[in-house]
Amino acid sequence: MNLQGATAVITGGGSGIGRATAHSLAERGAQLVIADIHADNANQAASEIRRHGHPAEAFVCDVATEQAFTDLRDFTLDRYGSVDIVMNNVGVLTSGRPDHLPVSEWERIININLMSVVRSNAVFLPILISQGHGHIVNTASFAGLYTYSFDRIPYAATKAAIVQISEGLRLYLQPQGIGVTVLCPGPVATNILATMPPTFGPEVQTGLPGEQFGVLLPDEVGEQVAKAILHDTFILFTDDQVRDVLVERATDWNSFIAKQTEKLAQR
């Protein structure tokens, strides 16, 4: 995909991976709409891009609301007249033992992490299909690929669902000229923990995806996303070592889960 002059919309674009991706796309000629629930973050991210000589607009929206994506679409078309890339990047965490997480917390996580992607598709897919080109990026997680802890099950469940949504969209949209990338990050130095409420119930030590995975900077991931769009890559692992983990699980899932259980029991 040629990014020169392309219009990219990024939710959760005011910080972390979204912000870094916005810079990477802008450097390749895209014009940006930075959507974020935090006005200061959205405005700062857009201002940074403009200072580098690239077009960017900030838009404040709450992806947990029904009207958010309709307003975002209208704003983008009003400013730029087109939509070519949509990155669904909003994600929030929760923490608590499964028997202490309230149903309301499940509903909050599902509404923000999963239903925001559903709302985005409902609004932006008709535009991309009608024009016969474009690209969608959905941010999932290593947590959606395999289980390495038990205290963030709602988060992991929504990220696993995003992987499946993305795979189905790829099958449907690729023949229509539209690319789909599912971003599966491992550890990345973002501010996602700042939005996490206090742990529900007793404190619990969160498991890690694996000692082999170092913490990446958002700028590194932003570059990976830009290249994935250009090369029409479907699944983007921020660290290819995760393939070995997935092969191990697929080879003998029972043994894999037994080993993961033992690791958690030893903490």
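The model is predicted: local features need pLDDT of at least 70, side-chain atom pairs count only at pLDDT 80 or more, and totals for chains, interfaces and linings use all residues. Residues are numbered from 1 along each chain as its sequence is written, and side-chain values use heavy atoms, with hydrogens and water left out.

Helices (H or I, at least four residues) and strands (E, at least two) are DSSP runs, numbered from the N terminus. Seven strands form an open sheet in the order S3-S2-S1-S4-S5-S6-S7, with parallel pairing; two strands pair if DSSP finds at least two bridges between them. Strand S3 (56–60) and strand S7 (235–237) are at the edges, each with a single partner strand, so one side of each has no neighbour in the sheet. Strand S1 (residues 7–11) and strand S4 (residues 85–88) run parallel and are joined by 3 bridges. In S4, Met87 stands opposite Ile10.

Helix H1 (residues 16–27) includes Arg19. Arg19 is buried, with a relative accessible area of 16% (buried means under 20%, exposed over 50%, partly exposed in between; 1.4 Å probe, protein chains only). Leaving aside neighbours within four places in sequence, Arg19 is in contact with Gly12, Gly13, Gly14, Asn41, Gln44, Ala45 and Glu48, where contact means heavy atoms within 4.5 Å.
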